[in-house]
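Please study the sequence and the three-dimensional structure shown below.

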Amino acid sequence: MKKMFAIVLAALMVAAMFAGCGSSAATETTAAATAAAETAAPAETEAAAETEAAAAFTTIEAGKLIMSTNAAFPPYEMVADDGSFEGIDVEVAGAIAEKLGLELVVDDMDFDAALLAVQQRKSDIVMAGVTVTEDRKMVMNFSDTYAVGVQVVIVKEGSDVTLDNLADQMIGCQRGTTGYIYASGDYGEDHVTAYDNGASAVQALMNGQVDCVIIDSAPAEAFVAANAGLTILDTEYTSEDYAIGMNKDNTALLDAVNAALAELTADGTVQAIVDKYISAN
């Protein structure tokens, strides 16, 4: 009897040992699975959040990115010989649209109208050599800077106009631009005449209707190259940052555009576009 009891007891102990081992293994497996899940969760959650954020932005027309501009501002935006649009802003916008899986649509209009278009939800973005100012930041959002603009003064060759005597001159500018805003603020509106575009201001200079034109350096160089008898003063008038304007309520689009712009800047695409139109010399 004692022998039988010992056998039974031994059997029970062995069973208990196996049961204990099984319980430990199950606990370790569950703990490992839980740890793996916890490790994977943040990455998966972050990826899902990024995907959701990328898909969150909306545009006025599904599948399209509508850009309002004033295509008379070479080399940033201009009309090609075949009637299409080209220039730094057009190509940068096209690259951003491609990153976002959208088709770029360029809508040409007066500069003032181009700025209003994004405010009134008639366009998704505005790119027209647009400078970031405090007043503009009150009515629209701006992307990160993608280019730096320099305001210069165009005069006739042999002119006695200098930066020191601009207050005594009649100045031509494109309506609504920072050149117009700065000149009006510095010298008074009586000394500034606004034109619908830079080309009209330059034509007025050639016709003797104004004494000089204040405009961004890149288009200034293009206008001077195309019109004999004009030159640019050596000293710049001011410098400023160019950015992409968007509706203040569409912050998701702002985030998406900034993300695309960052990638295009990092891989050299933006600089390559700028170099294509503006010589380093």
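In this predicted model, helices α2 and α8 cross in a right-handed manner. Helix α2 comprises residues 88-99 and helix α8 comprises residues 251-266; the two pack at an angle of about 110 degrees, and their axes lie 9 Å apart. Because of this angle, α2 is roughly perpendicular to α8. On the side of α2, the residues that meet the other helix are Val92, Ala95, Ile96 and Lys99, while α8 contributes Val257, Ala260, Leu261, Glu263 and Leu264. Sorted by class, this contact holds seven nonpolar residues, two charged residues and no polar ones.

These two helices belong to a protein chain that has nine helices and 14 strands. Of its 281 residues, 41% are buried. Among the contacts in the chain with a separation of 6 or more, 72% are made by residues 24 or more positions apart.

Strand β1 (residues 64-69) and strand β5 (residues 103-108) pair in the parallel sense over six bridges. Within this pairing, Leu65 has Leu104 as its bridge partner in β5. Strand β1 also runs parallel to β6 (residues 125-126), to which two bridges join it; here Met67 stands opposite Ile125. Strands β7 and β14 (residues 245-246), by contrast, run antiparallel and are joined by two bridges, with Phe142 opposite Gly245.

How many of the six residues of strand β1 are buried? Five of them are, so the strand is largely enclosed by the rest of the structure.

A second open sheet consists of three strands in the order β2-β3-β4, with antiparallel pairing. Its edge strands are β2 (72-73) and β4 (85-86), each of which pairs on one side only. Strand β3 (residues 77-79) runs antiparallel to β2, and two bridges join them. Across this pairing, Phe73 stands opposite Glu77.

Strand β2 also takes part in the surroundings of helix α7. The buried residues of α7 (residues 217-226) are Ala218, Pro219, Ala220, Phe223 and Val224. Against which elements do these buried residues pack? Their partners are β2, β8 (147-156), α6 (198-206), β11 (212-216) and β12 (230-232).

Ser143 lies between β7 (141-142) and β8. Is Ser143 buried or exposed? Its relative accessible area is 6%, and because a residue under 20% counts as buried, Ser143 is buried. Leaving aside residues up to four places away in sequence, Ser143 touches Ala243, Ile244, Met246, Leu254, Val257, Asn258 and Leu261.

Notes. Residues are numbered from 1 along each chain as its sequence is written. This is a predicted model: local features need pLDDT of at least 70, side-chain atom pairs count only at pLDDT 80 or more; totals for chains, interfaces and linings use all residues. Side-chain values use heavy atoms; hydrogens and water are left out. Two strands pair if DSSP finds at least two bridges between them. Helices (H or I, at least four residues) and strands (E, at least two) are DSSP runs, numbered from the N terminus. Axes are lines fitted to C-alpha atoms, for helices over the stretch in contact, and angles run from 0 to 180 degrees between N-to-C directions. Angles under 35 degrees count as roughly parallel, over 145 as roughly antiparallel, 65 to 115 as roughly perpendicular and the rest as oblique. A crossing is left-handed if the near helix is turned anticlockwise from the far one by less than a right angle, and right-handed if clockwise. Contact means heavy atoms within 4.5 Å. Ala, Val, Leu, Ile, Met, Phe, Trp, Tyr, Cys and Pro count as nonpolar, Asp, Glu, Lys and Arg as charged, and the others, Gly among them, as polar. Buried means under 20% relative accessible area, exposed over 50%, partly exposed in between (1.4 Å probe, protein chains only).
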